[in-house]
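Dear colleague,

Please find the structure below, handed over for your records. A summary of the findings follows it.

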Amino acid sequence: MSQDPVESLCIGVDLGNTRVKCWALGAAADWQQGLSLADQQAIRSAAWLDRVMQWRDQLVHSLPIASAQPAVEWVIASVQATITGRFCDRITSHFPSDRFRVLSSADVPLRTRLPARQKIGIDRLLTSWVAWQNNRRGEPGPTIVADAGSALTIDWTGVEGEFRGGAILPGVQLQLQSLGEHIPALSAAVESIIQQHLSPQPATSVPSFPGMDTESAIAVGVYTSAAAAIDRFVQQVELESATRVQLWLTGGDAPRIAPWLKSQYRLEPDLMRDAINRLIYV
Ligand SMILES: Nc1ncnc2c1ncn2[C@@H]1O[C@H](COP(=O)(O)OP(=O)(O)OP(=O)(O)O)[C@@H](O)[C@H]1O
Ligand SMILES: CC(C)(CO)[C@@H](O)C(=O)NCCC(=O)O
Ligand SMILES: [K+]
């Protein structure tokens, strides 16, 4: 009897600055529903590579065809080259027949006239490309993606699909950490906000305005600064292009920034997954 793989499985990986996110793509995306296997593991921790390998094992065992030895391909979008090397080495040592493909900026079908395309973060290009694709089906207009991760990036793509560049600033968590580390009087309040952020419970309330104690003043400060940067960027693009823009909001801190925005937006927590999926399957 043939031992050949009967199914193939594609796993999308977003290797960010703080977290790694993995998803089964294509048809297999459904197989993991209800198993909460979308691993979100801090890269700083020693065990993160083991966690991903465990997740890959669990995912394969959850395939509907019990005897399958699927051919597994990892499609990796990474902003950290050194860690990508370690990641691929680990995959090869655990699962020698797994294949991987590391995406580069040349894989993203978005034009740009920027001088150094290869230096633009793959996350910026991928999310901009998929948001622009989505916009084409709706109202035409420039696309802006605000990705609130470790860094907050805000990027502009023209109506014809040209990546125009953007803005990069410290993300919410980084702003909080720098306050906590450099201003002793604020470190306890910052610690408490960070703990709330990391709790699996979604935020229940938006801090009231203005902040009436240290914690809420810090929260109002960092959220309004992120939201104001995004609103200002939107305003500038609208001014320069004389049309309404479509703003997409993604990244771990997007839901907390959203209530402070004046601009209309669409919140898409998994824009990176959608982008990798679309790149591979469409
Ligand atoms: N379990 C968690 N671990 C770390 N950050 C979390 C967690 N849950 C929510 N967050 C929030 O998500 C933010 C990180 O967002 P995201 O996961 O998009 O970033 P990232 O992948 O590290 O960054 P980037 O993609 O910019 O490199 C943190 O600032 C934090 O506030
Ligand atoms: C800006 C970040 C860190 C955001 O994740 C990433 O896109 C990156 O490492 N970019 C490289 C520099 C650039 O995009 O111009
Ligand atoms: K990101």
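**Findings**

Ile154 is found in strand 8 (residues 151–157); strands (E, at least two residues) and helices (H or I, at least four) are DSSP runs numbered from the N terminus. This is a predicted model, in which local features need pLDDT of at least 70 and side-chain atom pairs count only at pLDDT 80 or more, while totals for chains, interfaces and linings use all residues. Residues are numbered from 1 along each chain as its sequence is written, chains are lettered from A and ligands numbered from 1 in the order in which they are written, and side-chain values use heavy atoms, with hydrogens and water left out.

With a relative accessible area of 1%, Ile154 is buried (under 20% relative accessible area, 1.4 Å probe, protein chains only). Among the residues that Ile154 touches are Ile144, Leu169 and Phe233, not counting residues up to four places away in sequence; contact means heavy atoms within 4.5 Å.

The potassium ion (ligand 3) is coordinated by Asp123 (OD) and Asp147 (OD), at 2.7 to 3.1 Å. Asp123 lies in helix 3 (residues 122–136) and Asp147 in strand 7 (residues 143–148), so the pair ties together parts that are 24 residues apart in sequence. Donors are N, O and S atoms within 2.8 Å of the metal (3.2 Å for Na, K and Ca); water is not among the atoms, so sites may look incomplete. Asp123 counts as buried at 19% relative accessibility, and Asp147 is buried at 11%.

Yours sincerely

Note on methods
Buried < 20%, exposed > 50% of the residue type's maximum accessible area, 1.4 Å probe, protein only.
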